[in-house]
Amino acid sequence: MITYLNILIDSPEFLAQLVINGLLVGAIFALIAYGLALIWGVMNIINFAQGEMVIFGGYLTYTLFYQFGIHPILSIPIVTVLLFVFGLLVYKAVIFRLLGEKDIFITILATFGLAILMQQLMQAIFGPDVVTANPELGMMHIFDGKVSISNIQLISFFIAAAVAIALFIIMKYSRMGQAIRATAQNPRAARILGIDIEKVYANTFAINAALCGIGGSLVVMVWTIHPFVGLVYTFRSFMIVILAGLGNFVGIIFAGMGISSLENVTGFVIGAEFQAAVIFCLLVIILVTRSIMARKKRQYIQ
Amino acid sequence: MKNYKFGVMMKSLLLAGLIASPAVIADTIKLGAAVSLSGKYSTAGNHTKKGYDLGVKYVNSMGGVAVNGKTYDLEIVYYDDESTPARGASLAERLILRDKVSFMLGPYSSGLTKAIAPVTEKHGVPMVEANGASRSLFNQGYKYMFAVLSTSEQYLQEAVNQIALKAGKPASEITVALAIENDPFSQDIRAGVLDDVNRHGMKVVIDDKLPRDLSDMTSTLVKVKALKPDLLVVSGHSKGAALSVRQMNDLGVSVNMLAMTHCESAKLHDKEKFGNLADYALCAAQWSPSVSSEGAVFGTAGNYSSIFNDTYGYVPPYQAAESTAAVIVMADAITRANSLDKDAVRDALAATDLSTFYGQIRFSEAGNNIAKPMILRQLIDGKYYVVAPANVAEAELVYPRP
């Protein structure tokens with residue numbers, strides 16, 4: 001452990017490699033986490049099928065690439081539309097039944113069931129193999145070639161950033177975006193003012209699904225996927241949202257990128273088997289401190 | 001008293017029933033197998049089933065199994081265990097009690113074998129398994145389980161021997177990095193590698209245990225980049241194999257020798273998907289169509305391979321070959337026992353010493369095959385070449401990895 005720490009101190013290029021890599025891929029996680037926060041904030045539903053929707057998006061990109069010859073990056077708009085429609089269908093089939101559910105466990109159970117169903121269906125449709133869609137874009141060397149960045153990670157970062165900006169604009173200025181924000185603030189008041197809440201909820205869930213789809217396309221280009229790896233992405237986005245706080249858009253971006261970088265560095269120093277544990281410990285510490293600070297102001301954490 | 005008599009009567013009835021059990025109606029011997037035809041092991045499970053089917057077909061076409069002057073055909077009763085251990089165990093129970101199979105063939109994977117072995121053991125039904133390699137299967141004192149394959153701790157030991165030969169420096173200066181998944185099977189592989197590393201006196205510079213829900217290996221691979229070990233050993237099922245070659249390329253990590261498991265199931269040889277990313281990686285394999293072993297049923301390994309290819313349209317992976325070998329071993333043991341009695345066949349199995357296309361088969365007290373070595377294949381341009389051990393090698397190992 002000390003040896004590894006010394007390496008980082010003696011050769012900061014490795015630290016740079018770990019941090020830059022974490023920042024780049026963290027943007028993908030931030031995107032997925034934002035979707036989770038969106039439906040959590042607006043509809044009070046914690047979606048445990050988030051990761052499965054990501055993997056589904058990844059499989060669509062993979063299929064479009066190998067079956068139809070569409071370049072993985074160009075497949076993103078198609079996957080976005082497909083997942084948006086998929087989101088609407090899932091909303092009509094399952095999610096709308098959970099609205100107004102006081103017991104959070106019912107929503108967790110329902111979405112967890114959806115996750116298992118999706119895992120099995122993806123396995124039946126796409127097979128159990130590990131797949132990746134390598135766009136083969138080469139890599140880039142910075143700092144005298146000491147730090148290598150694969151171009152696809154860089155592009156993923158910019159795609160995630162572009163989507164985030166687009167989302168920000170939609171939320172701020174479009175009618176639907178304003179309606180979504182109004183519903184999040186106060187559903188009853190929004191309904192009195194003539195907003196079709198049902199439609200807002202359906203659209204919110206579909207937007208989340210589309211975000212997962214984009215995330216999934218990026219995941220299958222950067223890493224590998226198989227039908228049972230979704231939970232990793234669900235937990236990660238859940239953690240990012242907890243860390244950033246609901247409704248904190250900028251916080252989610254920083255939390256997403258920060259956690260990934262930190263995870264890389266702890267994995268390097270302490271070992272891959274502890275990296276998740278360190279992140280969870282950090283989460284506990286942050287929550288406890290935040291709760292103590294809130295108590296001073298006679299508030300509590302929701 | 002009355003009750004006691006009734007009990008005895010029932011018992012003798014039951015015994016009579018067992019003796020005339022319908023396992024041997026007509027002229028077939030029923031074998032039972034629960035294999036993963038769906039679920040996460042379904043790819044390998046299907047290889048297993050095809051291997052069994054081909055074995056049965058050829059044993060039957062060569063006159064079947066002769067017992068007491070009478071010949072029987074083999075027949076397999078299959079169930080799909082859905083890749084779930086609990087299901088596997090209950091199906092084994094069902095095969096033995098309801099379908100009344102005489103003997104069992106193993107499922108796919110160590111996990112499923114671990115679930116089924118206690119059941120076959122309880123009922124005293126001999127099982128020849130071909131796809132459970134975990135070391136922990138062979139320290140339970142099982143008496144009725146026999147495995148034709150090499151155990152997991154042998155998987156990558158040959159890679160350690162090769163780096164000792166090729167590195168061109170004293171063993172004490174050779175550095176080794178381990179990136180091995182944190183599950184019992186992969187950790188068995190790690191234990192085997194560590195044994196050999198310590199025996200040679202090499203130095204382990206990285207010893208990462210990859211999480212089970214592996215999705216990113218950046219931290220481990222940057223460590224490899226920093227420390228430049230002579231040998232990198234990766235084992236984390238197919239996801240570990242696929243992810244490591246993908247990310248090594250993305251991070252610009254190169255090592256002189258890369259040794260892995262599960263190359264075949266990760267389809268690293270599929271150039272459409274992985275290009276040449278995995279070239280010159282060393283892959284552990286139980287068997288390869290080019291090894292120089294032969295036996296009575298299929299002739300040489302190459303011959304088996306072409307028969308399999310003609311039947312199913314693809315080159316047999318070792319999962320299929322070892323499954324076929326299990327059928328051959330079972331048929332051989334029944335013939336030598338000259339009886340369908342479970343214990344007689346068990347004893348015949350324990351005394352097995354058979355040459356097959358899959359390799360020599362001879363069981364230890366614990367039931368694992370001690371006569372066949374693991375082989376190491378090098379992946380070059382979408383093809384695997386056997387490079388070690390020396391007596392079966394077909395090509396010279398390319399070192400360092402270009």
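Predicted model: local features only at pLDDT ≥ 70, side-chain atom pairs only at ≥ 80, totals over all residues.
Ser83(B) is found in the loop between β3 (70-80) and α3 (85-97) of chain B. Ser83(B) has a positive phi of about 60 degrees, although Ser83(B) is not a glycine. Most residues other than glycine have a negative phi. Ser83(B) has a relative accessibility of 7% and therefore counts as buried, the cut-off being under 20%.

Lys100(B) is placed in the loop between α3 and β4 (103-105) of chain B. The relative accessible area of Lys100(B) is 32%, so this residue is partly exposed. Thus Ser83(B) is buried, whereas Lys100(B) is partly exposed.

Most peptide bonds are trans. The bond from Ala388(B) to Pro389(B) is cis, with omega near -5 degrees. The bond from Tyr399(B) to Pro400(B) is also cis, and its omega is near -5 degrees. Pro389(B) is in the segment after β17 (383-388) of chain B. Pro400(B) lies in the segment after β17 as well.

The interface between the chains was examined next. In chain B, 40 residues are in contact with 39 residues of chain A. The two chains bury about 3,200 Å² between them. Carbon and sulfur atoms account for 54% of this area. Arg246(B), Asp250(B) and Lys273(B) supply 19% of the area that chain B buries against chain A.

Between chain B and chain A, 17 residue pairs are in polar contact, with both residues at pLDDT 80 or more. The salt bridges between the two chains number two. One of them joins Lys209(B) to Glu273(A). The closest N and O atoms of this pair are 3.9 Å apart.

Several elements build the side of chain B that touches chain A. Those giving two or more residues are α2 (42-61), β8 (203-210), α7 (218-227), α8 (237-251) and α9 (271-274) of chain B. The largest share comes from α8(B), with nine residues. By class, this side of chain B has 13 nonpolar, 13 polar and 14 charged residues.

The largest nonpolar core has 126 residues. Its members that touch the most other members are Met43(A), Trp223(A), Tyr233(A), Phe268(A), Met260(B) and Leu268(B). Both chains are represented in that list. Helix α2 (residues 12-43) of chain A gives the most to this core, with 18 residues.

Trp223(A) has partners in both chains. Leaving out residues up to four places away in sequence, Trp223(A) touches Val25(A), Ile28(A), Phe29(A), Thr132(A) and Tyr233(A) within chain A. A second, separate core has 99 residues, among them Ala147(B), Leu156(B), Met202(B) and Ala285(B).

Gln275(A) is found in helix α12 (residues 275-296) of chain A. Its relative accessibility is 9%, so Gln275(A) counts as buried. Not counting residues up to four places away in sequence, Gln275(A) touches Glu263(A), Thr266(A) and Gly267(A), and also Ser219(B) in the other chain. Gln275(A) and Val265(A) are ten residues apart along the chain, and their C-alpha atoms are separated by 8.5 Å.

Thr175(B) is in strand β7 (residues 175-181) of chain B. Thr175(B) counts as buried because its relative accessibility is 14%, under the 20% cut-off. Its neighbours within four places in sequence aside, Thr175(B) is in contact with Lys203(B), Val205(B), Lys228(B), Pro229(B), Asp230(B) and Leu231(B).

Ser305(B) lies in helix α10 (residues 301-312) of chain B. With a relative accessible area of 9%, Ser305(B) is buried. Excluding residues up to four places away in sequence, Ser305(B) touches Pro289(B), Val315(B) and Pro316(B).

Key: Residues numbered from 1 in each chain as written. Chains lettered and ligands numbered in written order. Heavy atoms only, no water. Contact = heavy atoms within 4.5 Å. Buried area = accessible area lost by both parts, 1.4 Å probe. Salt bridge = Lys/Arg side-chain N within 4 Å of Asp/Glu carboxyl O. Polar contact = N/O pair within 3.5 Å; in protein donor to acceptor, adjacent residues only side chain to side chain. Helix = DSSP H or I, 4+ residues; strand = E, 2+ residues; numbered from the N terminus. Nonpolar A, V, L, I, M, F, W, Y, C, P; charged D, E, K, R; others polar. Core = buried A, V, L, I, M, F, W, Y, C linked by side-chain atoms within 4.5 Å. Buried < 20%, exposed > 50% of the residue type's maximum accessible area, 1.4 Å probe, protein only.
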